[in-house]
Amino acid sequence: MRLKWFIPLCFLLFLGTPIFAQEEQEIIERITHAASQARILAISIYYEENAHSINRTPEKPDFLLNESYRIAHKNNDKDFKEYLDFYSRIRAVMFVPESDLRESEMKMLEIWRQALKHYQSVGDERFIAICHAHIGLIHFTLNQYSESIARLLTADEWFQKAGYNRCPMVSRYLHDMA
């Protein structure tokens with residue numbers, strides 16, 4: 001079970017250009033016939049790498065999200081749909097203006113807090129962990145180190161509860177926590 005993400009990761013890495021350097025249409029072409037874990041990993045990498053892209057407009061990520069929902073529906077891929085729902089819920093993070101660092105971080109913090117509240121209400125440990133990790137990293141950026149450490153430790157506890165193998169980007173979160 002520990003290798004759950006290994007094969008999809010190899011699939012993405014060895015097919016050519018890294019996913020974060022691709023246009024949305026290329027990602028759609030790659031995930032159309034991929035396994036569920038590869039789809040989840042691709043969409044996760046896309047959103048993590050593009051979260052703060054300069055001059056990002058909603059059209060491209062919305063196109064990717066809509067086409068991904070179509071793929072999830074066509075393949076009856078419940079896990080992929082859950083990740084799409086998650087990224088849909090936090091997509092506003094991609095469009096927070098970066099003119100003032102503190103103001104931007106505070107806006108993103110509110111988006112993540114709302115997502116956390118939702119996932120706590122439905123009890124999804126994966127997304128509770130991810131929300132805590134992002135909130136902790138925002139507190140770090142704001143030089144609020146005690147709150148940051150507390151949130152990051154809480155995130156790690158939730159990752160453990162959820163199972164590290166159920167979170168495709170867990171290595172990135174653990175790296176950022178270190």
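**Figure 1. Overview of the chain, with 9 helices and 0 strands.** The model shown is predicted. Along the sequence, the elements follow the order α-α-α-α-α-α-α-α-α. Of the 178 residues in the chain, 45% are buried. Among contacts with a separation of 6 or more, 60% are between residues 24 or more positions apart. The accessible surface of the chain is about 9700 Å², and carbon and sulfur atoms contribute 55% of that area. The structure holds 12 salt bridges, some of which are shown in the views below.

**Figure 2. The salt bridge between R172 and E49.** The side chains of R172 and E49 meet with an N to O distance of 2.8 Å. This pair links distant parts of the chain, with R172 in helix α9 (residues 170–177) and E49 in helix α3 (residues 36–50), 123 residues apart. R172 has a relative accessibility of 29% and therefore counts as partly exposed. E49, at 36% relative accessibility, also counts as partly exposed.

**Figure 3. R172 and D176 within helix α9.** R172 also takes part in a salt bridge with D176, where the closest N and O atoms are 3.8 Å apart. Both residues lie in helix α9, separated by 4 residues, or about one turn of the helix. D176 counts as partly exposed because its relative accessibility is 32%.

**Figure 4. The salt bridge between E82 and R126.** In this pair, the closest N and O atoms are 2.6 Å apart. R126 counts as buried because its relative accessibility is 4%, under the 20% cut-off.

**Figure 5. D156, a buried acidic residue without a salt bridge.** D156 is found in helix α8 (residues 145–162). Side chains of opposite charge can pair when their charged atoms come close. For D156, the nearest side chain of opposite charge is that of K161, 11 Å away. A salt bridge requires the nitrogen and the carboxyl oxygen to be within 4 Å, and D156 has none. Leaving aside residues up to four places away in sequence, D156 touches Y164, L174 and M177.

Technical notes: Residues numbered from 1 in each chain as written. Predicted model: local features only at pLDDT ≥ 70, side-chain atom pairs only at ≥ 80, totals over all residues. Heavy atoms only, no water. Helix = DSSP H or I, 4+ residues; strand = E, 2+ residues; numbered from the N terminus. Buried < 20%, exposed > 50% of the residue type's maximum accessible area, 1.4 Å probe, protein only. Contact = heavy atoms within 4.5 Å. Areas by Shrake-Rupley, 256 points an atom, 1.4 Å probe, with all protein chains shown as cover. Lys, Arg positive; Asp, Glu negative; His and termini not counted.
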